[in-house]
Amino acid sequence: MKVLVTGGAGFIGSHISDGLIDEGYEVIVVDDLSAGKEDNIHEKANFYKLDIQSSSLEDVFRKEQPDFVNHQAAQKDVRVSVSDPIYDAKINILGTINLLQNCMKYKVKKIVFASTGGAMYGEQETFPATETHPVRPISPYGITKLVAEHYMHYYKTLYGLDYVSLRYSNVYGPRQDPFGEAGVVAIFVQKLLNGEQPIINGDGKQTRDFVYVEDVVKANILAIKNNVSDCIFNIGTGNEISINQVFNDLREIINTSIDKKHGPPNQGEQQRSVIECSKAKKILCWEPKILLIDGLKKTCRFFHENRQ
Ligand SMILES: NC(=O)c1ccc[n+]([C@@H]2O[C@H](COP(=O)([O-])OP(=O)(O)OC[C@H]3O[C@@H](n4cnc5c(N)ncnc54)[C@H](O)[C@@H]3O)[C@@H](O)[C@H]2O)c1
């Protein structure tokens with residue numbers, strides 16, 4: 001079976017490609033390398049350097065005839081989405097529609113989509129948020145993910161294209177970009193290893209639900225394999241962890257004397273974010289296996305061995 005992975009040169013997409021190849025799938029990667037790296041792409045994957053908005057995407061579908069599509073490519077930076085919502089919407093909405101049109105035309109069996117728990121539910125009313133929590137994205141990025149979910153439901157209804165949307169919480173692990181605006185674990189690890197001072201935005205009491213990338217890969221593979229469609233799943237741990245705790249854990253793992261330093265809070269930053277995953281456990285037979293402390297240790301080891 002052949003899977004076309006968009007964003008397969010990026011953090012999560014490259015791990016998904018590796019996982020699929022380990023499971024015996026043939027993998028095609030489509031990535032424009034705007035954020036991803038060619039080095040991340042598995043040597044057995046067939047790589048096309050291409051924007052998902054491009055009309056040449058059809059040539060890839062025609063030639064490769066993928067059975068499944070795993071859609072990770074996105075403009076993923078919330079702040080970029082705020083400063084340039086048109087750019088954000090072009091990639092995340094028009095790019096996704098271009099992909100869906102090709103899925104429909106070339107009779108792809110199922111598309112699995114990287115959605116978001118954090119940005120989807122906005123400032124939560126209940127903790128942890130289930131999939132039925134009101135969706136009130138407070139960023140153009142969150143809106144585009146919601147719109148993509150609606151489009152997938154539309155393609156399922158009209159053309160029978162099966163889909164699964166996975167609403168990730170905060171994913172962390174090896175290969176995450178330590179220089180971006182998001183990805184607090186990667187940013188802190190990189191700085192602490194280099195003896196630099198990380199800055200915690202605000203009082204650090206804001207919380208997130210950190211899920212290790214290996215667990216996210218498993219969810220994606222189960223979403224392809226299992227006979228499930230037209231379905232949305234939260235993919236997180238249900239554990240609410242403060243940024244201060246992440247800093248303290250990393251400080252201990254790395255064994256550094258660098259202490260916490262707080263900066264001004266980020267305007268409009270969500271205070272609490274945690275998602276409930278019993279639906280994925282029940283229907284997808286998925287649950288997170290990697291404890292935060294173990295995931296942080298693996299991440300530190302990776303960044304230590306790949307110092308930048
Ligand atoms: N990292 C997280 O915590 C998190 C949380 C929720 C959802 N997500 C979603 O998961 C997916 C993967 O995120 P990631 O953290 O691995 O990000 P990433 O930036 O590492 O990976 C995205 C990949 O998509 C590629 N890409 C971007 N625009 C493209 C385009 N127009 N055409 C082709 N390729 C393009 C980039 O080059 C990159 O390799 C994204 O859809 C993101 O929105 C991530």
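A crossing of two helices is right-handed if the near helix is turned clockwise from the far one by less than a right angle. I needed that definition before opening this predicted model.

**Entry 1: α2 and α4**

I looked up helix α2, residues 57-64, and helix α4, residues 85-105. Their crossing is right-handed. They pack at an angle of about 30°, and their axes are 10 Å apart. Angles under 35 degrees count as roughly parallel. I therefore noted α2 and α4 as roughly parallel to each other.

Next I listed who touches whom. From α2 come L57, E58 and F61. They meet N98, L99, N102, C103 and K105 of α4. I sorted this contact by class and got four nonpolar, two polar and two charged residues.

**Entry 2: α7 and α11**

I moved on to helix α7, residues 184-193, and helix α11, residues 292-305. The packing angle here is about 55°, with the axes 10 Å apart. The crossing of α7 over α11 is right-handed.

On the α7 side I found V185, A186, V189, Q190 and L193. On the α11 side I found L296, T299, C300, F303 and H304. The residues of this contact divide into seven nonpolar, three polar and no charged.

**Entry 3: T299**

One residue of that contact got its own look. T299 sits in helix α11. Is T299 buried or exposed? Its relative accessible area is 1%, so T299 is buried. I set aside the neighbours within four places in sequence and listed the rest of its contacts. They are Y172, G173, P174, V185 and Y212. V185 belongs to α7.

**Entry 4: the nonpolar cores**

I then looked for nonpolar cores. Nonpolar side chains tend to be buried together in soluble globular proteins. The largest nonpolar core here has 41 residues. Which of its members touch the most others? I wrote down L20, L166, Y168, F233, I235 and L284. Helix α8, residues 213-225, gives this core its largest share, seven residues.

There is also a second, separate core of 26 residues. Among its members are Y48, A73, L100 and Y106.

I went back to Y168 for its contacts, again leaving out neighbours within four places in sequence. The list runs I12, I16, Q72, A114, S115, T116, G117, G118, V216, N220, I235 and I275. I235 is also one of the core members named above.

**Entry 5: the backbone**

The peptide bond from F127 to P128 is cis, and its omega is near -10°. I traced P128 to the loop between α5 (118-121) and α6 (140-159).

Then I looked at two residues with positive phi. L33 has phi near 60°, a positive value in a residue other than glycine. L33 lies in the loop between β2 (26-31) and β3 (46-49). With a relative accessible area of 22%, L33 is partly exposed.

K107 has phi near 55°, also positive and also in a residue other than glycine. Where is K107 found? I placed K107 in the loop between α4 and β5 (110-116). Exposed means over 50% relative accessible area. At 68% relative accessibility, K107 therefore counts as exposed.

Notes:
Residues are numbered from 1 along each chain as its sequence is written. This is a predicted model: local features need pLDDT of at least 70, side-chain atom pairs count only at pLDDT 80 or more; totals for chains, interfaces and linings use all residues. Side-chain values use heavy atoms; hydrogens and water are left out. Axes are lines fitted to C-alpha atoms, for helices over the stretch in contact, and angles run from 0 to 180 degrees between N-to-C directions. Helices (H or I, at least four residues) and strands (E, at least two) are DSSP runs, numbered from the N terminus. Contact means heavy atoms within 4.5 Å. Ala, Val, Leu, Ile, Met, Phe, Trp, Tyr, Cys and Pro count as nonpolar, Asp, Glu, Lys and Arg as charged, and the others, Gly among them, as polar. A nonpolar core is a set of buried Ala, Val, Leu, Ile, Met, Phe, Trp, Tyr and Cys residues joined through side-chain atoms within 4.5 Å. Buried means under 20% relative accessible area, exposed over 50%, partly exposed in between (1.4 Å probe, protein chains only). Angles under 35 degrees count as roughly parallel, over 145 as roughly antiparallel, 65 to 115 as roughly perpendicular and the rest as oblique.
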